[in-house]
Amino acid sequence: HLMASYYSRSSIDFKRCEVNFWQTAAQVQRFIRAYYFPEYQTATFKGRNIISACILESRSYARPGSLLFSSDDSVILATIDNDIRLNF
């Protein structure tokens, strides 16, 4: 049984699209999904538009937001629990 959350449009600040990594990887992933409207906006990382996020099995041992890997189309970053890959 899944629980759903509802947030009214007025409760979301659409100008705040930069991801905060001082939260769980699942929270980061949900934030990215919530802001994914390519015609209007997407969540961003250092000014780059994020297309999707994938939670990795590896536990984070670095400071949240630390860059662990970078390529032209993705990065891997630490969160407070697991590492996460952001795809651009």
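Predicted model: local features only at pLDDT ≥ 70, side-chain atom pairs only at ≥ 80, totals over all residues.
The secondary structure of the protein consists of 1 helix and 6 strands, arranged along the sequence in the pattern α-β-β-β-β-β-β. Of the 88 residues, 38% are classed as buried. The accessible surface amounts to about 6300 Å², and carbon and sulfur atoms contribute 53% of this area.

An open sheet is formed by 4 strands in the order 3-6-5-4, with antiparallel pairing. The edge positions are taken by strand 3 (52-59) and strand 4 (67-70); each has a single partner strand, so one side of each is left without a neighbour in the sheet. On average, and with direction ignored, neighbouring strands of the sheet are turned by 20° against each other. The antiparallel pairing of strand 3 with strand 6 extends over 5 bridges, and Cys 54 is placed opposite Arg 85 of strand 6. Helix 1 lies across strand 3 and strand 6, and its direction makes an angle of about 175° with that of strand 3.

The largest nonpolar core comprises 17 residues, of which Val 19, Phe 21, Ile 32, Phe 45, Ile 50, Ile 84 and Leu 86 touch the most other members. At least two residues of this core are supplied by each of helix 1 (25-34), strand 5 (74-77) and strand 6 (82-87). The largest share, 4 residues, is that of helix 1. When residues up to four places away in sequence are not counted, Ile 32 touches Val 19, Ala 43, Ile 50, Ala 53 and Leu 86. Of these partners, Val 19, Ile 50 and Leu 86 are listed with Ile 32 among the core residues that touch the most other members.

Leu 77 is located in strand 5. With a relative accessible area of 0%, Leu 77 falls under the 20% limit and is therefore buried. Beyond residues up to four places away in sequence, the contacts of Leu 77 are with Phe 21, Phe 45, Gly 65, Ser 66, Leu 67, Leu 68, Asp 83, Ile 84 and Leu 86. Leu 77 and Arg 63, 14 residues apart in sequence, have a C-alpha to C-alpha distance of 9.2 Å.

Tyr 35 belongs to the loop between helix 1 and strand 1 (44-45). Tyr 35 counts as buried because its relative accessibility is 5%, where the limit is 20%. Along the chain, Tyr 35 and Ile 50 are 15 residues apart, and their C-alpha atoms are separated by 9.4 Å.

In strand 6, Asn 87 was examined as a further position. The side chain of Asn 87 forms a polar contact with the side chain of Arg 85, at 3.4 Å. Arg 85 is also the residue of strand 6 that Cys 54 stands opposite. Excluding residues up to four places away in sequence, Asn 87 touches Asn 49, Ile 50, Ile 51, Ser 52, Asp 73 and Ser 74.

Conventions: Residues numbered from 1 in each chain as written. Heavy atoms only, no water. Core = buried A, V, L, I, M, F, W, Y, C linked by side-chain atoms within 4.5 Å. Buried < 20%, exposed > 50% of the residue type's maximum accessible area, 1.4 Å probe, protein only. Contact = heavy atoms within 4.5 Å. Areas by Shrake-Rupley, 256 points an atom, 1.4 Å probe, with all protein chains shown as cover. Polar contact = N/O pair within 3.5 Å; in protein donor to acceptor, adjacent residues only side chain to side chain. Pairing = 2+ DSSP bridges. Axes fitted to C-alpha atoms, helices over the stretch in contact; angles between N-to-C directions.
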